Structures are given as structure tokens and as C-alpha cells.
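Subject: Structure handover

Hello,

Here is the structure I said I would pass on. Please open it and keep it beside this email while you read; my notes follow below.

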Amino acid sequence: MVMMIWTLYLTLAGSILGSFYNVVGVRVPLRQPLLFTRSACPACRRSLKPLELIPVLSYFLQKGRCTSCKATIPLFYPVMEILTACLFAFSLLTFGFSYEFLIALLLISLLVIVVVSDICFMLIPNVVLLCFTLPLVALRLTLAPLDPWFDPFLGAVLVFSLLLFVSSWKKDSLGGGDIKLLTLLGFTLGTQQVLLAIAAASFLGALVGGVFLLARKRSPEEPFPFAPFIAIGTLFVYFFGEALLSFQLSPFLF
Ligand SMILES: [Zn+2]
């Protein structure tokens with residue numbers, strides 16, 4: 001019962017924070033202040049009323065349009081809010097109240113923000129990466145260590161050198177932001193998980209990129225945001241990697 005209340009609370013907090021992360025993801029690249037400025041409709045510039053600021057609900061109450069100018073609000077805003085809410089609740093159910101739960105919340109928050117920035121502007125802001133590097137590194141080095149203790153360092157160094165090699169070999173295949181993000185993920189997830197996450201992200205990216213190419217929705221030279229695939233791969237491996245690996249390996253062990 002108590003856990004149910006906490007799960008509900010985290011769903012609510014997740015949707016509110018998800019809504020804030022949308023704002024962060026859009027405003028940081030534009031160098032706009034994050035706090036004390038009312039959100040406005042990007043089309044008609046009218047400040048939003050309190051009723052229009054409720055995460056998820058406002059979008060559906062307004063049927064996805066601005067109440068005055070009727071401009072459509074991108075569907076991905078409520079989608080990011082719902083995803084943040086679900087992932088926050090899922091983290092609690094997976095880890096309970098532990099230090100790993102804190103890592104999960106930080107990881108989800110970081111990924112939601114960079115996905116928004118990457119989809120809107122094709123970039124991953126340094127300042128966002130920096131803000132999350134400090135708590136993630138501090139937690140991994142103290143309260144939520146990996147086993148063995150040097151695995152975060154190994155993961156980060158391995159990912160960084162691997163991606164540096166790939167990007168010098170095939171120019172413009174990876175953005176600098178992607179490399180920095182994945183290096184931080186290497187530190188947070190450790191060697192095995194981050195390599196799996198990169199493999200999953202590349203596979204998904206190639207698959208979706210290929211489908212878009214075939215559907216002639218983009219040209220082969222046109223870059224497309226990679227952060228959404230990194231986020232999906234990372235969260236999938238982070239939450240299910242262990243189970244997947246043990247399931248995969250079990251036939252060989254017995
Ligand atoms: Zn408007």
C-alpha cells in the first residue's frame with residue numbers, strides 16, 4: 001500500500017519533471033532562462049495560463065492545439081512527459097529506495113533532456129552533460145559503486161577511444177555531443193552494459209534510418225538525431241540487460 005502511494009507520487013513527479021525537461025531541452029540550446037519566465041506558445045507568443053501548463057492533461061484538453069492561435073503542439077511533448085512518468089515509477093519498482101534508484105532517476109532525466117535537444121536542434125548541450133556528470137560520477141565513486149570498482153573508468157575510457165576511432169575513420173558519422181554522452185554513459189553503466197547499449201542503439205538507428213531512407217523521407221547525406229536511439233538502447237540495457245544476459249548465457253552454463 002505504501003509502495004503504491006510512492007509509485008503514484010513518482011508518476012506525478014515524473015510527469016511534472018518531464019514537462020520541465022521539455023523546457024530545459026528546448027531553452028538551453030537557445031540560451032533562454034529556465035526559471036521565472038512563463039512558457040509561451042511558440043507560434044503566437046501568448047503566455048500560457050496555469051490551466052495550459054498541466055503536464056499531459058493540458059495537451060489532451062486542448063486537443064493538441066494552442067487555445068488562441070490553434071497552432072498544433074508537437075505530440076512529442078506529452079509523449080516525453082508520459083515516458084518520464086512511467087520510467088520514474090518503473091525505477092522505483094525495480095530498485096526500491098536505494099542509491100541505484102537515484103542513478104536511475106538521474107539517467108532518465110539526462111536522457112529525456114538530451115533527446116528533446118537533439119530532436120529539436122540536432123545538438124546535445126555541454127552544460128546539460130556537465131550538470132549530470134557531477135552527481136553521476138560522485139554516486140558511482142561513493143554510494144553506488146559498480147563491481148569491480150574500476151568498471152566505470154574502464155567503460156568510459158573504452159567507449160571514448162572506440163568512438164574517437166570510429167569518428168576519425170568515418171568523418172561526421174557521430175557528433176561530438178554523442179561521444180561525450182556515451183562516455184558519460186560508459187562511466188555510469190560500466191563496460192559490459194555500455195557496449196550492449198551502443199550495439200542496441202546502432203542497430204535501432206540503422207533500422208529506423210534505413211526505413212526513412214526507403215520511404216524517401218530523408219536523403220542519405222541528411223544527418224538525423226542519434227540521441228533517441230542512444231536513450232532507448234541505454235535504458236533497455238540498464239533495466240533488462242542483466243536479465244537478458246543471464247537468460248542468454250544460461251544454456252551455456254548448464
Ligand atoms: Zn498560439
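Start with Met122, which lies in the loop between H4 and H5. Helices here (H or I, at least four residues) and strands (E, at least two) are DSSP runs, numbered from the N terminus. Met122 is not a glycine, yet its phi is positive, at about 60°. With a relative accessible area of 39%, Met122 is partly exposed; buried means under 20% relative accessible area, exposed over 50%, and partly exposed in between (1.4 Å probe, protein chains only).

Before going on, note that this is a predicted model, in which local features need pLDDT of at least 70 and side-chain atom pairs count only at pLDDT 80 or more, while totals for chains, interfaces and linings use all residues. Residues are numbered from 1 along each chain as its sequence is written, and side-chain values use heavy atoms, with hydrogens and water left out.

Backbone

Most residues other than glycine have a negative phi, and most peptide bonds are trans. Arg45 lies in the loop between H1 and helix H2 (57-61), and at 63% relative accessibility Arg45 counts as exposed. There is also a cis peptide bond, from Asp147 to Pro148, with omega near -5°. Pro148 belongs to the loop between H5 and H6.

Helix packing

Two packed helices are described by the angle between their axes and the distance between the axes. Axes are lines fitted to C-alpha atoms, for helices over the stretch in contact, and angles run from 0 to 180 degrees between N-to-C directions.

Take helix H1 (residues 2-30) and helix H3 (residues 76-95): their axes come within 7 Å and cross at roughly 140°. That makes H1 oblique to H3; angles under 35 degrees count as roughly parallel, over 145 as roughly antiparallel, 65 to 115 as roughly perpendicular and the rest as oblique. The residues of the contact of H1 with H3 comprise 14 nonpolar, eight polar and one charged. For this count, Ala, Val, Leu, Ile, Met, Phe, Trp, Tyr, Cys and Pro are nonpolar, Asp, Glu, Lys and Arg are charged, and the others, Gly among them, are polar. H1 passes H3 in a right-handed crossing. A crossing is left-handed if the near helix is turned anticlockwise from the far one by less than a right angle, and right-handed if clockwise.

H3 also packs against H4, at an angle of about 165° and with the axes 9 Å apart. That makes H3 roughly antiparallel to H4, and this crossing is right-handed. For H7 and H8, the axes come within 7 Å and cross at roughly 140°, so H7 is oblique to H8. The crossing of H7 and H8 is right-handed.

Core

In soluble globular proteins, nonpolar side chains tend to be buried together. A nonpolar core is a set of buried Ala, Val, Leu, Ile, Met, Phe, Trp, Tyr and Cys residues joined through side-chain atoms within 4.5 Å. Which residues touch the most other members of the largest nonpolar core? They are Leu110, Val114, Leu181 and Leu185, out of 52 residues in this core. The elements that give two or more residues to this core include H1, H3, helix H6 (151-169) and helix H9 (227-253). H4 gives the most, with 14 residues.

Salt bridges

A salt bridge is a side-chain nitrogen of Lys or Arg within 4 Å of a carboxyl oxygen of Asp or Glu. How many does a search of the whole structure find? It finds two. One joins Arg140 and Glu100, at 3.0 Å from N to O. Arg140 lies in helix H5 (residues 126-141) and Glu100 in helix H4 (residues 99-121), so the pair ties together parts that are 40 residues apart in sequence. Arg140 is buried, with a relative accessible area of 4%. Arg46 forms a salt bridge with Glu52, and their closest N and O atoms are 3.1 Å apart. Glu52 is buried, at 12% relative accessible area.

Two distances

Lys180, in helix H7, is 54 residues from Asn126 along the chain, and their C-alpha atoms are separated by 8.5 Å. Ala85 is found in helix H3 and is buried, with a relative accessible area of 5%. Ala85 and Arg45 are 40 residues apart along the chain, with 28 Å between their C-alpha atoms.

Regards
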